[in-house]
Amino acid sequence: MFAQQNNFTSVSLKSSASQLTEKMESAKSLYGEFEQTKVIKMLDVETTSYGRIYYQSPDVIKWEYTKPYPYSLLFKNNFIYIDDDGQKSKQDMTSNKLFAKLGDLITGSLNGKILKDDANFDVEYLKKNDHIEAVITPKDKSMADMFEKVIMRFSEDKMLKSVKLQESGEDYTLISFKNWKMNTPIKASVFQP
């Protein structure tokens, strides 16, 4: 029904997954910019943040907010390093399953592994004009409590355009990406806590 209402066509899971992950898996590094919009319908609140994302294969990610204030998360070696405008902290992901799942979700979105993780997610592929959407439903209850669905949108050239984290009800977070640079050198200092 969703596919018909939005002029989407359901497409083959196997061919879509391999087409999308092939490009993502070839990335040794990625750099991009993002705009993140959080919508809370009941309170009629919408907030927007901006920043940069860095990825180093196989699983190091720095998520750096630049506006409205500096804040960064670095996922590296089973730790999350948080820098809240100079106030630094470190969380062990192995002792916090929720942090670990969040790290896996972010990393899996960039390297494509989430699309192949049949044990933890159900994935449906939809195609409309120049893009493919992967609608991902978590099987894990703790993840499902955070997000009802994760909708990844890919451009015609198989680059990630956006990720929508749909919560239960009408609340969601939409992250739109631009200016992707694949396999270009990233300074080692970017990934230092």
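Glu-64 is buried, with a relative accessible area of 17%, where buried denotes under 20% relative accessible area, exposed over 50%, and partly exposed the range in between, for a 1.4 Å probe and protein chains only. The model is a predicted one, in which local features need pLDDT of at least 70 and side-chain atom pairs count only at pLDDT 80 or more, whereas totals for chains, interfaces and linings use all residues. Residues are numbered from 1 along each chain as its sequence is written, and side-chain values use heavy atoms, with hydrogens and water left out.

The structure contains 6 salt bridges, each defined as a side-chain nitrogen of Lys or Arg within 4 Å of a carboxyl oxygen of Asp or Glu. In one of them Glu-64 pairs with Arg-52, the closest N and O atoms lying 2.9 Å apart. Because Arg-52 belongs to strand β3 (residues 45-56) and Glu-64 to strand β4 (residues 60-67), this pair ties together parts that are 12 residues apart in sequence; strands (E, at least two residues) and helices (H or I, at least four) are DSSP runs numbered from the N terminus. Arg-52, at 30% relative accessibility, counts as partly exposed. Glu-64 also forms a salt bridge with Lys-62, with 3.8 Å between the closest N and O atoms, and both Lys-62 and Glu-64 are buried.

A further salt bridge joins the side chains of Glu-133 and Arg-153 at 2.6 Å, N to O, and links distant parts of the chain, with Glu-133 in strand β9 (residues 131-138) and Arg-153 in strand β10 (residues 149-154), 20 residues apart. Glu-133 is buried, with a relative accessible area of 6%, whereas Arg-153 is partly exposed at 27%. Through shared partners, salt bridges join Arg-52, Lys-62 and Glu-64 into one network.

The structure also holds 1 cavity of 30 Å³ or more, a cavity being a set of points on a 1 Å grid over the protein atoms alone where a 1.4 Å probe fits but cannot get out, with lining residues having an atom within 4 Å of a point. The lining of the largest cavity includes Met-24, Ser-109, Leu-110, Lys-158 and Trp-180, and the elements that give two or more residues to this lining are α3 (97-111) and β12 (172-182).

Helix α3 has 15 residues and reaches 20 Å from its first C-alpha to its last, close to the 21 Å expected at 1.5 Å a residue, the expected span being 1.5 Å times one less than the number of residues. Among the buried residues of α3 are Gly-103, Ser-109 and Leu-110, and just after the helix Gly-112 takes a positive phi of about 90°.

Terms used:
On a 1 Å grid over the protein atoms alone, a cavity is a set of points where a 1.4 Å probe fits but cannot get out, and a pocket is an open set with protein on both sides within 12 Å along at least five of seven lines; lining residues have an atom within 4 Å of a point. Grid points are joined across faces, edges and corners, and a volume is the space filled by probe spheres set on the points.
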